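Let's walk through this one together, starting with a helix and then moving on to a sheet. Have the structure open as you read.

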Amino acid sequence: MFDVATLRKDFPILNRTVNGKPLVYFDNAATSQTPQIVIDAIVDYYSMYNANIHRGVHTLSQEATDAYELARKKVQQHFNAKHLYEVIMTAGTTHSINIVATGFSSLLNQGDEIIVSALEHHSNIVPWQMLCERTGAILKVIPMNEEGELVMNAYDELLSERTKLVFVNHISNALGTINPIEYIIEKAHAVGAAILIDGAQSCPHIKPDVQDLDVDFYVASAHKLCGPTGVGVLYGKEEWLNKLPPYQGGGEMIDQVTFEKTTYAGLPHKFEAGTPNICGGIAFGVALDYMNSIGFDAIAAYERELLDYGTQQLSAIEGLKIYGTSEQKTSVISFNIDAIHPYDIGTIVDKLGIAVRTGHHCAQPIMDFYKIPGTVRASFAFYNTKEEIDLLVAAVQKAKMMLS
Ligand SMILES: *Cc1c(COP(=O)(O)O)cnc(C)c1O
């Protein structure tokens with residue numbers, strides 16, 4: 001049974017006040033809040049078994065190694081990866097993308113093509129531009145429409161035997177649009193291209209099955225999934241991870257080292273140089289358990305209710321325009337009122353205890369498409385309520401009165 005009042009008790013931060021008002025946290029697309037069980041896992045690690053992993057025979061090191069490898073197992077199960085060694089623990093989505101983008105330098109030639117989408121986060125644009133500079137490959141962009149959806153027949157036309165890679169986010173962080181990744185993956189494979197899906201924004205709402213999707217790479221960050229910052233995952237199909245060279249050199253990623261030649265460790269350690277975020281990895285596993293205990297179907301259904309309610313209530317404000325109106329979207333509402341600068345609205349609602357995001361949301365090309373400097377973005381999680389949405393609507397109305 002999904003009971004938001006009970007779930008809210010798991011999040012100590014939801015008890016605090018901001019500027020004398022109860023906190024209303026609507027910046028979940030930037031980072032999610034942390035349940036007590038995850039906080040406890042972090043405290044427990046540093047209180048009881050803080051040690052380096054994989055290379056110690058002593059008890060603490062073994063306990064830490066076991067806990068870290070158990071977390072990897074949980075990630076494998078969550079994403080339904082075929083093999084444990086296809087799960088690379090990283091510092092987060094950006095790190096995961098850079099491992100792939102850098103690795104492809106040795107696999108691309110002048111004139112090869114990479115396709116990205118108009119709905120990408122900067123972290124999913126810049127690494128590919130850098131890759132193109134290094135290799136002479138050409139970047140192509142799937143355009144978007146007024147509703148904030150990708151135009152699939154334009155994608156079909158971009159694809160050819162020159163396409164070597166396709167990169168699309170599963171869900172747009174700026175607008176909340178859920179992209180038709182099943183179709184995008186199938187079409188990429190039809191021309192023999194590899195495909196990477198950025199799941200940073202989808203994983204808090206949807207449980208992906210990487211085998212079912214038949215995706216080559218899938219990446220996510222723990223901190224958007226009730227876990228800590230600085231840890232995430234790169235899932236890659238075994239054949240692709242074997243083709244890619246290591247990203248960083250260092251400890252843990254080697255097999256034999258001499259000054260003449262070093263041979264690399266096997267998967268997953270080839271991509272895990274140096275001491276990882278051990279505590280973060282363990283806490284990531286606990287966060288996945290927590291989310292799964294609530295259930296992603298229940299989370300998605302409840303967030304849909306919040307989205308519909310929020311859309312209806314906010315739309316009723318005169319002069320308010322919502323950007324991103326696809327039927328296929330998650331609980332993100334990006335909006336502006338008349339010509340009021342989003343930053344001014346954000347500042348006033350913060351005075352009333354409400355955290356929203358303002359700006360371009362690391363997705364400037366989307367803002368350019370709409371010819372706006374940015375938006376106010378309210379993004380809801382399963383621990384938010386309709387009462388909080390009412391507070392937002394009242395705060396936005398007040399801001400509008402003060403600013404117009
Ligand atoms: C948050 C986000 C990222 C970046 O994640 P980091 O944890 O900052 O590396 C990338 N893509 C999308 C769609 C995001 O929402």
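Just after helix α7, glycine 192 takes a positive phi of about 80°. Bear in mind that this is a predicted model, where local features need pLDDT of at least 70 and side-chain atom pairs count only at pLDDT 80 or more, while totals for chains, interfaces and linings use all residues. Residues are numbered from 1 along each chain as its sequence is written, and side-chain values use heavy atoms, with hydrogens and water left out.

Now step back into α7 itself, residues 181-190. Helices here are DSSP runs of H or I with at least four residues, strands are runs of E with at least two, and both are numbered from the N terminus. Ile181, Ile184, Ile185 and Ala188 are buried (under 20% relative accessible area; exposed is over 50% and partly exposed in between, with a 1.4 Å probe and protein chains only). They sit on the same side of α7 because they cover an arc of only 95° around the axis, taken from the directions from the helix axis to the C-beta atoms. The face turned away from that buried side carries the exposed Glu182, Glu186 and Ala190. What do the buried residues of α7 pack against? Their partners are α6 (152-158), β7 (163-169), β8 (194-198) and α8 (210-213), with contact meaning heavy atoms within 4.5 Å.

Next, the sheet. 4 strands form an open, antiparallel sheet in the order β13-β14-β17-β16; two strands pair if DSSP finds at least two bridges between them. β13 (320-323) and β16 (357-359) are the edge strands, each pairing on one side only. β13 and β14 (residues 332-337) pair over 4 bridges, and isoleucine 322 stands opposite phenylalanine 335 in β14.
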